[in-house]
Every structure is written in C-alpha cells, then in structure tokens.
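Try each task before you read its solution.

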Amino acid sequence: MKDNLILDRHRADEVNDILDDLVEVYLDAHSGDGEFYNESRYRQQLAGHMKVAGWELVTARIDGRLAGYAYGFPLPAGTRWWSGIEEPYPAGFTEEDGRRTFALSELLVRPAWQRQGIARALHDELVDARPESRMTLLARHDNAPA
Ligand SMILES: CC(C)(COP(=O)(O)OP(=O)(O)OC[C@H]1O[C@@H](n2cnc3c(N)ncnc32)[C@H](O)[C@@H]1OP(=O)(O)O)[C@@H](O)C(=O)NCCC(=O)NCCS
C-alpha cells in the first residue's frame with residue numbers, strides 16, 4: 001500500500017466540486033469495458049444515487065490526485081435492488097427498511113494505481129464505519145478483481 005495514500009469520507013452535499021473527477025476516474029477504470037460505461041449514463045446514475053438518504057463516498061488520493069473511490073447507500077424500503085434475485089433465498093432476505101443493508105454501488109481504482117491494495121483500503125474504510133448490518137455489491141460473474 002502506498003504510504004502517501006489519503007482516504008476521505010464525503011456526504012452527497014460535499015462532492016459537487018469533484019463530480020467531474022469522479023466521472024473521469026469511472027471512465028478510466030472502465031476503459032475498454034464497452035458502451036454501457038459512458039459519461040452521460042454514469043452522470044445520471046451518480047445524480048440519482050446521490051439523492052438517496054445516507055449516500056456516502058470515500059476517496060483515495062495519492063499526492064493530491066484522485067486514484068480511486070467507493071460509494072454506496074443504504075437500501076430504502078421498497079428498493080428494486082433485489083429484483084431478479086435467483087431463488088432459493090431465506091425468508092425475509094430481500095426486506096429493506098433503510099437501515100439493514102448498505103449497497104456498495106461503485107468501487108473504482110484507476111488502472112495506473114491498481115494491484116496496490118487501494119480498493120481493499122477503500123472498501124474497509126467505507127464499510128467499517130457504516131451502521132448497517134450487511135453489505136451488498138453487484139458485479140459481473142467474470143469480474144475476478146471485484
Ligand atoms: C476491482 C478494482 C476496484 C480493484 O482495485 P485494486 O486497487 O486493484 O484492488 P486491490 O489492490 O485492493 O486488491 C484487492 C484484492 O483483489 C485482488 N485483485 C485485484 N485485482 C485483481 C485481478 N486483476 N485479478 C485477480 N485478483 C485481483 C488482489 O489480489 C487483492 O486480494 P488480496 O488482498 O487477497 O491480495 C479495480 O480492478 C477496478 O477499478 N476495476 C474496474 C471497476 C470494477 O470492476 N469495479 C468493481 C465492480 S463495482
């Protein structure tokens with residue numbers, strides 16, 4: 001892990017100044033992954049997610065530059081997060097009340113900084129301080145690093 005890595009936590013009302021940087025890191029981390037990973041869709045996703053109560057971001061900076069970040073939010077009652085879940089699953093597994101489950105929506109590290117423990121550090125920083133009792137992350141089956 002880099003000695004000069006700085007991790008910071010941010011709420012939604014604190015990130016307007018770095019929105020463009022967040023988008024740039026997303027596009028960099030997903031370069032070559034296909035059309036889905038485009039700027040306009042991601043800006044819409046971010047804007048939508050940032051409205052969810054309890055949204056939180058952790059940034060990783062090295063020498064002041066944004067190397068990666070993780071963000072997520074607690075799943076509200078009535079969320080569509082679990083739609084499409086494969087059966088069988090335990091009774092009550094998909095019930096949410098805004099306090100039960102933290103959804104880790106994005107975990108991104110710029111290619112130049114990957115394989116140095118930054119994602120692990122981001123993950124632990126974000127998740128360790130959350131009050132929810134469980135966490136969920138959606139990833140494609142073939143995404144080994146995730
Ligand atoms: C997934 C991602 C965030 C990992 O970032 P990273 O900083 O390189 O990860 P770390 O260095 O913290 O590695 C964490 C663990 O994953 C493993 N890992 C990382 N990259 C890997 C790879 N390409 N193949 C296999 N394992 C890998 C590491 O060995 C490490 O395990 P260990 O601590 O037991 O050794 C990064 O690859 C990325 O941004 N990918 C594109 C975006 C994405 O797919 N995000 C996840 C879905 S939301």
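**Exercise 1.** How many residues line the largest pocket, and which lie nearest its centre?

*Solution.* First, the ground rules. This is a predicted model, where local features need pLDDT of at least 70 and side-chain atom pairs count only at pLDDT 80 or more, while totals for chains, interfaces and linings use all residues. Residues are numbered from 1 along each chain as its sequence is written, and side-chain values use heavy atoms, with hydrogens and water left out.

Next, what's a pocket? On a 1 Å grid over the protein atoms alone, it is an open set of points where a 1.4 Å probe fits, with protein on both sides within 12 Å along at least five of seven lines; lining residues have an atom within 4 Å of a point.

Now the count: 35 residues line the largest pocket, and H30, L107, A139, N143 and A146 lie nearest its centre. By class, that lining has 18 nonpolar, nine polar and eight charged residues. (Ala, Val, Leu, Ile, Met, Phe, Trp, Tyr, Cys and Pro count as nonpolar, Asp, Glu, Lys and Arg as charged, and the others, Gly among them, as polar.)

**Exercise 2.** What takes up the space of the largest pocket?

*Solution.* That would be the ligand; a molecule sits in a pocket if more than half of its atoms lie within 2 Å of its grid points. Around the ligand there are 16 residues, and L107, R115, G117, R120 and N143 come nearest (near means a heavy atom within 4 Å). Two elements, β4 (101–109) and α3 (118–128), each supply at least two residues of this shell.

Then look for polar contacts, pairs of N or O atoms within 3.5 Å:

- A polar backbone atom of L107 is 2.8 Å from a nitrogen atom of the ligand.
- A polar backbone atom of G117 is 2.8 Å from an oxygen atom of the ligand.
- A polar side-chain atom of N143 is 2.7 Å from an oxygen atom of the ligand.

**Exercise 3.** Where are D63 and P88 found?

*Solution.* Take D63 first: it lies in the loop between β2 (56–62) and β3. D63 has a positive phi of about 50° although it is not a glycine. P88 is found in the loop between β3 (65–74) and β4, and a cis peptide bond joins E87 and P88, with omega about 0°. Why point these out? Because most residues other than glycine have a negative phi, and most peptide bonds are trans.

Conventions
Polar contact = N/O pair within 3.5 Å; in protein donor to acceptor, adjacent residues only side chain to side chain. Helix = DSSP H or I, 4+ residues; strand = E, 2+ residues; numbered from the N terminus.
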